[in-house]
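Look at the sequence and the model together. The paragraphs after them go through selected parts in turn.

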Amino acid sequence: MIEDGAFADRELSREFERLREAVPAVVEHRQALKLLGADFRYIRKYVDGSWMALVDPGEGLAGRFGLNRDVMLIYSLVHELQPAVLSTAEKRRTLLPQNLSCEDHVVLISSIDPRSPQKLHAWAQSDPMLGIHFSIEGTPDHIARSLLAELQRKLASRNLYDETLPVTGADFFGRRKELTQLQEELRQGKVCGVFGLRKTGKTSLVKELGRRFVSGRSDRIFVLRDLESLPQRSERLKVELVQEISQGLLAAFRAAGVRRAELAELELDASIGEFKRALAVSLNDCETRGVQVVLALDEIESLLGDAETLKEGSRPEVPEFLGALRSLVQEHSIFNVVVSGITSAAIHRGELFGVENPLFNWARSYHIQPMSKVEVDRLTTDVGKRMGVEWSSDSLDKMYEIAIGDVFLHRTLAAAVVEGLGQDMFPIRVTDENVQAVQRNWRRGVAERLAQMFGSFERHYPTEASLLRLAAAGDADWGSLEDEYSIEVGRLLDLGLVTEGADGEIEFGALCQTLATARVL
């Protein structure tokens, strides 16, 4: 009961009493939370004197604000609240007991610093973690109303659709089929590739694959390395490549207690052969321990180069490195590799830089396709709930009619819609008229980014890009293009740039329709 502060869980009751001694206002806090249908679930004290609690938001707050998990509440007892409190929240979230979890985009902060509300407001402009002020003054009713108002104001002020970083966990939506297939490939020990245009969610998919692969398992290691920083000068490529992959593996092996001395002792200019032999020692230890290892290489085009480099360049270390990975996969049943990026050349080309491609006709490729309407509707509504935005069924239909499931188009359009709405009401209701009102300005706004995306695609798929330009200009029909360029048209279908109807007719996909309207094609 609220009156005596008792919890069903004795340990939670003891921790609550300890917290009450340090922060007497916690009694009013719990009463305020109970008025909102919420309550404490977990309490812990840290060595720096601060306290952390997990709050079960209950059905009311969860439904109103799209909260899928508990919310972290930090009690800071220092007189000067610092921005580090937000990064501390993220670190503490990752160290929670395995049976507990909390939201990773919002945290409640109760501080004795009188300027904490102003500080949290200022930090909200730049920090991805949103700090919500939880007042320590007033009656439970006043505290409850203040917290509700703060949640409404802060959540509505952030445009979560305007997200550019990869997402995982509760922020990841859809792609159930692809994730299931990729997990099965990993279980069967098959190398696979994930390919698609920029901003289509490749990195998010691979990161989510890794999160699910290791979730709750101490016998699994997933190492994701972004190759975008590799130098394009061939004489430095091998050295930087070996160092990049070695450092990623070393960190993961160190955390898992796997043998790694041979990797750690590699010289800065170690050869790919030396790297392979050193990694083999660690993998032998993993086999003994029953530990599975997956190495994921993102931005694979940074290793291969563009179409011109593949045609005219000299990078003998690339097929040598891919060959070393294939050999290690074949020799160690606990080791596997995932590659991802724009170009699928690492898998579909029979030859790389004058020698046979080790991964040709051996690895399985997956291409990022537009989301289904069910998936993209869920993405839109669930993200909207976090901002107090509700979408009508007609507005969702209009969104899909324009973007047809293309993740980049859909998120940027949703961001434009929300940006154009007044925030004087909560929750905010979106209609199809709101979507239509911003459509023209949105197309102008994304034109430059679309041009950059198409330019990147064209560097890796010049022939396919030429076919799109021919079709857009009306200089050729898809029937004749497919007769002469069946492989290239197949890649356009794989990438979702064109679609094939039930009657076999090929037409532009949503992205190409927008590219043509924006005169990028």
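Cys-102 counts as buried because its relative accessibility is 1%; buried means under 20% relative accessible area, exposed over 50%, and partly exposed in between, with a 1.4 Å probe and protein chains only. Cys-512 is also buried, at 0% relative accessibility. The structure holds 0 disulfides, a disulfide being a pair of cysteine sulfur atoms within 2.5 Å. In general, a disulfide is a covalent bond between the sulfur atoms of two cysteines.

This is a predicted model, in which local features need pLDDT of at least 70 and side-chain atom pairs count only at pLDDT 80 or more, while totals for chains, interfaces and linings use all residues. Residues are numbered from 1 along each chain as its sequence is written, and side-chain values use heavy atoms, with hydrogens and water left out.

Next comes a sheet. Helices (H or I, at least four residues) and strands (E, at least two) are DSSP runs, numbered from the N terminus. Two strands pair if DSSP finds at least two bridges between them. Five strands form an open sheet in the order β1-β2-β3-β4-β5, and the pairing is mixed. Its edge strands, β1 (39–45) and β5 (130–133), each pair on one side only. From one strand to the next, the twist averages 30°; axes are lines fitted to C-alpha atoms, for helices over the stretch in contact, and angles run from 0 to 180 degrees between N-to-C directions. Strand β4 (residues 102–111) pairs with β5 in the parallel sense over 4 bridges. Opposite Gly-131 in β5 stands Val-107.

Helix α2 (residues 26–35) touches β1, β2 (51–56), β3 (70–76) and β4, and its direction makes about 150° with that of β1; contact means heavy atoms within 4.5 Å. Helix α4 (residues 84–94) touches β2, β3, β4 and β5, with its direction at about 130° to that of β4.

Gly-216 lies in the loop between α8 (202–214) and β7 (220–226). At 60% relative accessibility, Gly-216 counts as exposed. Gly-216 and Gln-98 are 118 residues apart in sequence, yet their C-alpha atoms are 7.3 Å apart in space.

How do α19 and α20 lie relative to each other? The axes of helix α19 (residues 432–460) and helix α20 (residues 462–473) come within 5 Å and cross at roughly 125°. They are therefore oblique to each other: angles under 35 degrees count as roughly parallel, over 145 as roughly antiparallel, 65 to 115 as roughly perpendicular, and the rest as oblique. Residues of α19 in the contact include Phe-454 and Phe-457, and those of α20 include Pro-462 and Leu-468.
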